[in-house]
Amino acid sequence: MRHLNLIGPQVRKLRSQRGWTQEDLAGALQRAGLDISRSGLAKVESRMILVRDHHLHFFMKALRASLDDLYPPINTDDPNMYDVMNKLMESRF
């Protein structure tokens, strides 16, 4: 299965670290201005839907996280970085 975003597992991790339910985070995202339901958030976390670039701001604001926090750690000095990125999009975390 090809995944449609990279941030889903990190969003789940950040949400869990805060002790929030999906309903809690969906509410925080709505208050930040993103129209998303709990089921929509579940699809983001499971990487089933695309997260547009302009939606990242809402996740950063709601989670009080940096852009780097939303992405899995990637060593940009790794000469195989593009292969690693492709594997991240194809694999489950």
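**Helices in these views are DSSP runs of H or I, at least four residues in length, numbered from the N terminus.** The model is predicted.

**Figure 1. The largest nonpolar core.** This core comprises 20 residues. The residues with the most contacts inside the core are Val 11, Leu 25, Leu 29, Leu 41, Phe 59 and Leu 70. At least two core residues come from each of α1 (8-17), α2 (22-32), α3 (38-45) and α4 (56-63). In soluble globular proteins, nonpolar side chains tend to be buried together.

**Figure 2. Val 11 and the buried residues of α1.** Gly 8, Pro 9, Gln 10, Val 11, Leu 14 and Arg 15 are the buried residues of α1. These buried residues pack against α2, α3, α4 and α5 (67-70). When neighbours within four places in sequence are left aside, the contacts of Val 11 are Leu 25, Leu 41, Glu 45, Phe 59, Leu 63 and Leu 70. Gly 19 follows α1 and has a positive phi, near 75°.

**Figure 3. Packing of α1 on α3.** The axes of α1 and α3 are 7 Å apart, and the two helices pack at an angle of about 120°. The helices α1 and α3 are therefore oblique to each other. On the α1 side, the meeting residues are Gly 8, Pro 9, Val 11, Arg 12 and Arg 15; on the α3 side, they are Leu 41, Val 44 and Glu 45. Sorted by class, this contact holds four nonpolar, one polar and three charged residues.

Figure 4. Glu 45 is located in helix α3. Because its relative accessible area is 2%, Glu 45 is buried; the cut-off for this class is under 20%. Apart from neighbours within four places in sequence, Glu 45 is in contact with Gly 8, Pro 9, Val 11, Arg 12, Arg 15 and Gln 22. Of these, Gln 22 is among the buried residues of α2, while Arg 15 is among the buried residues of α1.

**Figure 5. The crossing of α2 and α4.** The axes of these helices, α2 and α4, come within 9 Å and cross at roughly 115°. The crossing in which α2 passes α4 is right-handed. Leu 25, Ala 28, Leu 29 and Ala 32 of α2 make this contact with Phe 58, Phe 59, Lys 61, Ala 62 and Leu 63 of α4. By class, the contact contains eight nonpolar residues, no polar residues and one charged residue.

**Figure 6. Buried residues of α2 and the glycine after the helix.** Buried in α2 are Gln 22, Leu 25, Ala 26, Gly 27, Ala 28, Leu 29 and Ala 32. They pack against α1, α3 and α4. Gly 33 follows α2, and its phi is positive, near 115°.

**Figure 7. Two arginines with positive phi.** Most residues other than glycine have a negative phi. Arg 47 has a positive phi, near 65°, and lies in the loop between α3 and α4. Arg 64 also has a positive phi, near 50°, and is placed in the loop between α4 and α5. Because its relative accessibility is 2%, Arg 47 counts as buried. Arg 64, by contrast, counts as exposed, because its relative accessibility is 67%; the cut-offs are under 20% for buried and over 50% for exposed.

How values were computed: Residues numbered from 1 in each chain as written. Predicted model: local features only at pLDDT ≥ 70, side-chain atom pairs only at ≥ 80, totals over all residues. Heavy atoms only, no water. Core = buried A, V, L, I, M, F, W, Y, C linked by side-chain atoms within 4.5 Å. Buried < 20%, exposed > 50% of the residue type's maximum accessible area, 1.4 Å probe, protein only. Contact = heavy atoms within 4.5 Å. Axes fitted to C-alpha atoms, helices over the stretch in contact; angles between N-to-C directions. Left-handed = near helix turned anticlockwise from the far one by under 90°. Nonpolar A, V, L, I, M, F, W, Y, C, P; charged D, E, K, R; others polar. Parallel < 35°, antiparallel > 145°, perpendicular 65-115°, else oblique.
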